[in-house]
2 protein chains.
Amino acid sequence: MLEDNLNKDPSDALKAAFRRHASGVAVITATAQDGSPVGFTATSMTSLGSNPPLVTFNVSRGSSAWPTISNTTHLALHMLGAGNYGLAQKMAEDRTKRFLDSDWEFSEFGLPVFKDVTAVLFVKVREFHHVEQNAVFIGDVVSGKLGAEDKALLYNQRAYFTPADTAL
Amino acid sequence: MLEDNLNKDPSDALKAAFRRHASGVAVITATAQDGSPVGFTATSMTSLGSNPPLVTFNVSRGSSAWPTISNTTHLALHMLGAGNYGLAQKMAEDRTKRFLDSDWEFSEFGLPVFKDVTAVLFVKVREFHHVEQNAVFIGDVVSGKLGAEDKALLYNQRAYFTPADTAL
């Protein structure tokens with residue numbers, strides 16, 4: 001049964017509820033105007049219909065990637081598998097260390113692409129819809145590539161998981 | 001390594017890539033102007049920052065729930081656990097059978113609330129941002145309730161799962 005235990009502060013209510021929600025893990029990359037690669041881990045990437053093929057994700061306009069992604073025409077959206085656990089952590093930590101390894105290369109549209117992910121989508125920016133200090137990204141899928149199959153990487157209760165071996 | 005196998009059709013690229021992405025499962029409900037409960041299963045619900053506490057989800061403007069949710073002031077967003085597997089299926093199938101059981105009741109803001117979920121958030125509608133025949137919902141969390149703890153319900157590869165027993 002539901003308990004009236006989240007009424008005191010709506011911000012705490014959001015955090016407590018979403019801790020119980022699972023989300024897929026993605027890495028989003030772009031190329032800055034000086035040619036350097038930029039990217040970050042995101043847990044809000046989702047589809048916005050397939051005809052036309054549209055994707056969304058949410059981002060803080062205070063994030064280090066914001067100046068780049070809000071001034072580019074294309075982004076690369078990477079789907080992560082269990083084998084990308086380290087990549088997910090790396091792309092959420094010190095931003096000066098995110099592109100030091102040789103696990104990526106410049107690819108379509110001059111975008112930095114991590115090579116061992118389960119899939120990548122190349123997306124044309126349609127708009128960033130501003131909401132408070134955040135933005136909802138809306139973009140058109142242009143093309144994509146599939147990598148090796150792997151269990152999906154997901155985030156739940158402040159930790160990374162894969163789905164259980166068998167479906168319900 | 002990535003293969004150039006999704007370039008032919010961007011809609012197919014989106015579908016193939018998102019099949020490999022995991023998503024949390026939610027049920028979203030509202031009350032129609034005639035007082036009847038309306039709801040559906042959603043796999044696109046995500047947080048848009050916690051200060052202020054905002055949530056988003058994506059919806060087709062052709063869906064059966066659209067006339068109701070686009071004309072209401074509040075929605076209830078339910079986080080689902082493994083025990084809500086049947087609820088997730090029911091709320092994605094025949095819409096005339098979604099509220100026949102006694103697993104829900106009218107609650108805050110006159111909203112239909114399913115009682116055995118892991119959490120529910122009461123959300124004030126801020127806007128539906130239209131994109132093609134779809135819409136991105138943006139709303140403010142007003143309050144919430146926690147239910148019993150349960151493993152999160154997630155959707156991946158066209159099936160329902162829970163996270164594995166142990167984190168990575």
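This is a predicted model: local features need pLDDT of at least 70, side-chain atom pairs count only at pLDDT 80 or more; totals for chains, interfaces and linings use all residues.
Local features need pLDDT of at least 70 and side-chain atom pairs count only at pLDDT 80 or more, whereas totals for chains, interfaces and linings use all residues. Residues are numbered from 1 along each chain as its sequence is written, with chains lettered from A in the order in which they are written.

User: What makes β2 and β6 of chain A paired strands?

Analyst: Strands are DSSP runs of E with at least two residues, helices runs of H or I with at least four, numbered from the N terminus, and two strands pair if DSSP finds at least two bridges between them. Four bridges join β2 (residues 26-31) to β6 (residues 74-79) in chain A, so the pair meets the definition. A:Val27 stands opposite A:His78 in β6(A).

User: Why are β3 and β4 of chain A said to stand at the edges?

Analyst: The open sheet has seven strands in the order β3-β2-β6-β9-β10-β5-β4 (chain A), with antiparallel pairing. Because β3 (37-42) and β4 (46-50) of chain A each have a single partner strand, one side of each is left without a neighbour in the sheet.

User: Which helix packs on this sheet, and what is its direction relative to β10(A)?

Analyst: Helix α1 (residues 10-19) of chain B touches β4, β5, β6, β9 and β10 of chain A, and its direction makes about 100° with that of β10(A), where axes are lines fitted to C-alpha atoms, for helices over the stretch in contact, and angles run from 0 to 180 degrees between N-to-C directions.

Technical notes:
Two residues are in contact if their C-beta atoms, placed from the backbone, lie within 7 Å.
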